[in-house]
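Please keep both in view while reading the sections below.

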Amino acid sequence: MAKITTFFFLFSSLLVLFLSSVSADKDDHEDQQVYIVYLGALPSREDYTAMSDHISILQEVTGESLIENRLVRSYKRSFNGFAARLTESERKRIAGMERVVSVFPSRNMKLQTTSSWNFMGLKEGIKTKRNPSIESDTIIGVIDTGIYPESDSFSDQGFGPPPKKWKGTCAGGKNFTCNNKLIGARDYKAKSKANESARDYSGHGTHTASTAAGNAVANSNFYGLGNGTARGGVPAARIAVYKVCDNEGCDGDAIISAFDDAIADGVDIITISIILDDIPPFEEDPIAIGGFHAMAVGVLTVNAAGNKGPKISTVSSTPPWVFSVAASITNRAFMAKVVLGDHGKILIGRSVNTYDLNVTKYPLVYGKSAALSTCSVDKARLCEPKCLDGKLVKGKIVLCDSSKGPIEAQKLGAVGSIVKNPEPDHAFIRSFPVSFLSNDDYKSLVSYMNSTKDPKATVLKSEEISNQTAPLVASFSSRGPSSIVSDILKPDITAPGVEILAAYSPDSTPTESEFDTRHVKFSVMSGTSMACPHVAGVAAYVKTFHPKWSPSMIQSAIMTTAWPMNASGPGFVSTEFAYGSGHVDPIAAINPGLVYELTKADHITFLCGLNYKSDHLRIISGDNSTCTKKLSKTLPRNLNYPTMSAKVSGTEQFNITFQRTVTNVGMKNSTYKAKVVTSPDSKLRIKVLPRVLSMKSINEKQSFVVTVSGDSIGTKQPLSANLIWFDGTHNVRSPIVVYAMS
């Protein structure tokens with residue numbers, strides 16, 4: 001771990017933390033913000049004390065002898081720097097110091113809110129091949145909202161002591177105990193040491209941690225829904241938790257600290273279901289920076305793609321060294337029936353509804369028909385706050401055109417709600433009876449109300465049904481193309497992210513409703529946040545069979561063995577820009593045959609091809625790398641990535657090439673032949689040279705070139721194909737995507 005110091009040279013980028021804070025004393029602290037000051041690598045001399053140095057710099061710049069209210073945190077394990085509250089003039093003075101690499105504002109970031117493992121083929125017991133001893137030495141770092149340590153998912157029954165490589169600590173605060181399963185905890189949100197607590201008060205971190213590596217817990221359910229055994233992908237692995245988020249959000253400076261500590265602590269995989277609200281360049285993205293340095297020392301970072309779909313170019317996890325995960329529906333769905341009037345017509349909606357109206361039918365009222373005179377009809381139909389007349393709503397089932405509407409209806413005394421759900425591929429939990437109907441069924445319900453003198457209905461408890469359409473990308477999952485790098489296909493991979501049952505914190509409630517008094521040990525959540533730890537668990541699973549594989553090799557193995565997924569509609573939203581390489585297949589990933597390897601130097605070359613200047617390159621790389629004229633001419637699409645993507649003119653002919661190198665991790669004396677699969681009406685012309693790769697030994701590398709040409713393609717629909725290298729056993733598949741945007 002000695003090289004970790006150099007690694008966090010990267011933290012020149014860390015400097016990007018803007019902990020929004022304005023002091024109560026406006027005269028003294030007005031316009032102060034939290035900035036990260038990156039000082040490069042830690043000096044090697046024995047008499048150097050980072051904290052003293054940081055204090056000295058702050059005292060010099062601020063002119064204050066007491067700087068306790070200025071210094072937010074000190075980085076001193078894997079890199080040298082600190083976060084502090086500074087005015088703009090103070091920031092400029094520090095930035096001008098010769099020793100300072102860079103200074104950046106902290107950013108506020110957002111969370112991305114188990115039969116899924118069986119669905120993916122990673123079954124319980126002897127049905128799945130495992131390496132128990134290596135799995136037990138595997139450590140997953142979870143950067144999130146903390147954890148509920150008393151959960152059965154994190155019991156250490158049957159576990160031996162932590163792996164010898166573990167260098168972390170249990171700093172979970174009062175009433176928090178680690179064990180041989182949950183081996184480490186750190187809190188970066190506490191305002192003081194006395195208030196330190198890695199305990200999870202939202203449920204999000206507990207859910208993601210248990211999804212990745214929770215123990216197998218039988219008879220797990222959410223009020224009877226989803227009953228079965230809940231478990232993570234690598235139940236024998238250890239967990240280390242880094243709390244960087246609370247109900248107010250996630251601070252960039254805290255995230256950088258978490259990466260600093262996690263790498264130094266000795267984790268093998270990092271899962272982080274957090275995104276920036278905007279999409280910054282790499283040098284201003286704490287996850288991009290932290291992930292780069294993790295990659296440089298052999299730690300793979302897995303990140304949620306975001307929940308802003310189906311709009312295009314909303315994927316927020318864009319660095320090629322960070323594994324970006326989209327969310328899919330699985331073969332299980334929770335449905336709540338709506339039974340109408342006396343004739344008993346049934347409409348079936350999505351909902352995680354645990355409440356029972358005892359089949360009693362209640363009067364129906366449309367939000368727009370219960371509007372206050374001070375509110376517009378358009379707002380009332382959404383059931384927006386302060387728009388509904390409580391007298392017209394109380395004791396009734398209220399129709400709302402917005403998924404948030406039931407919260408207001410419940411406040412005013414409604415007994416239930418029926419919601420117009422334009423994206424009926426996932427369910428929500430509410431704290432009273434609710435069903436989310438498709439547009440067509442909702443129109444049918446409105447028609448029934450308009451044609452009936454006394455319309456009534458009831459909402460039944462949810463039932464679990466088999467979903468025959470899986471896997472499809474969830475409508476909320478963020479789509480590409482990347483707004484940062486047009487020639488890298490993002491997201492990378494798809495994993496289950498809809499209605500996932502996993503451990504939860506009883507210190508929280510399943511919803512944000514003030515009326516929800518439930519406290520549960522397991523809950524159902526949806527989001528790319530839930531998909532992310534699935535892939536982290538798969539990555540850890542692959543690593544147990546190949547402990548020496550680099551992050552890029554593990555990522556490649558997962559991507560090239562993924563289940564193919566088909567476009568389910570026109571435009572960008574249903575193509576590879578929704579699902580990347582396809583749907584994760586854990587069993588196939590442990591035996592990929594060939595992998596696409598990448599090193600830190602390859603990523604430096606890639607950044608040079610993006611015309612990065614030396615100062616920005618230094619922020620990300622953490623070293624003194626520079627871009628030569630030759631490197632600056634490197635095309636980003638020639639990064640040795642498992643997918644191939646290029647943006648072209650939509651009105652002209654094009655002829656582009658991709659250069660790739662594969663490493664043999666399958667069998668010696670194997671011959672791979674290239675096969676290109678396109679749709680029957682494809683306009684792409686694709687050539688692969690050479691078309692045969694003869695591998696004589698393990699770890700042998702061979703290169704090839706893919707040439708893609710075609711006529712004008714327009715801007716409505718990307719064109720795609722698949723390159724498959726086949727040796728009789730392995731199918732090493734790489735999507736090829738060409739697109740143009742208006």
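The sections below describe a sheet, the helices packed on it and several salt bridges.

## Basis of the description

The model is predicted; local features need pLDDT of at least 70, side-chain atom pairs count only at pLDDT 80 or more, and totals for chains, interfaces and linings use all residues. Residues are numbered from 1 along each chain as its sequence is written, and side-chain values use heavy atoms, with hydrogens and water left out.

## The open sheet

An open sheet is formed by 7 strands in the order E8-E11-E7-E14-E16-E17-E25, with parallel pairing. Its edge strands, each pairing on one side only, are E8 (182-187) and E25 (493-496). From one strand to the next, the twist averages 25°. Helices (H or I, at least four residues) and strands (E, at least two) are DSSP runs, numbered from the N terminus; two strands pair if DSSP finds at least two bridges between them.

Strand E8 runs parallel to strand E11 (residues 238-243), and 5 bridges join the two. Asp 187 has Lys 243 in E11 as its bridge partner.

## Helices on the sheet

Helix H9 (residues 286-296) packs on the sheet and touches strands E14 (269-272), E16 (300-304) and E17 (322-328). The direction of H9 makes about 155° with that of E16. Helix H14 (residues 528-545) lies across E7 (139-144), E14, E16, E17 and E25, at about 125° to E17.

Contact means heavy atoms within 4.5 Å. Axes are lines fitted to C-alpha atoms, for helices over the stretch in contact, and angles run from 0 to 180 degrees between N-to-C directions.

## Salt bridges

The structure holds 24 salt bridges, each a side-chain nitrogen of Lys or Arg within 4 Å of a carboxyl oxygen of Asp or Glu. One of them joins Arg 199 to Glu 150, with the closest N and O atoms 2.8 Å apart. Arg 199 lies in the loop between E8 and helix H7 (204-213) and Glu 150 in the loop between E7 and E8, so the pair ties together parts that are 49 residues apart in sequence. Arg 199 is buried at 9% relative accessibility, whereas Glu 150 is partly exposed at 44%. Buried means under 20% relative accessible area, exposed over 50%, and partly exposed in between (1.4 Å probe, protein chains only).

Asp 623 forms a salt bridge with Lys 600, the closest N and O atoms lying 2.9 Å apart. Asp 623 counts as buried at 17%, and Lys 600 is partly exposed at 23%. A network of salt bridges links Glu 64, Arg 70 and Glu 90.
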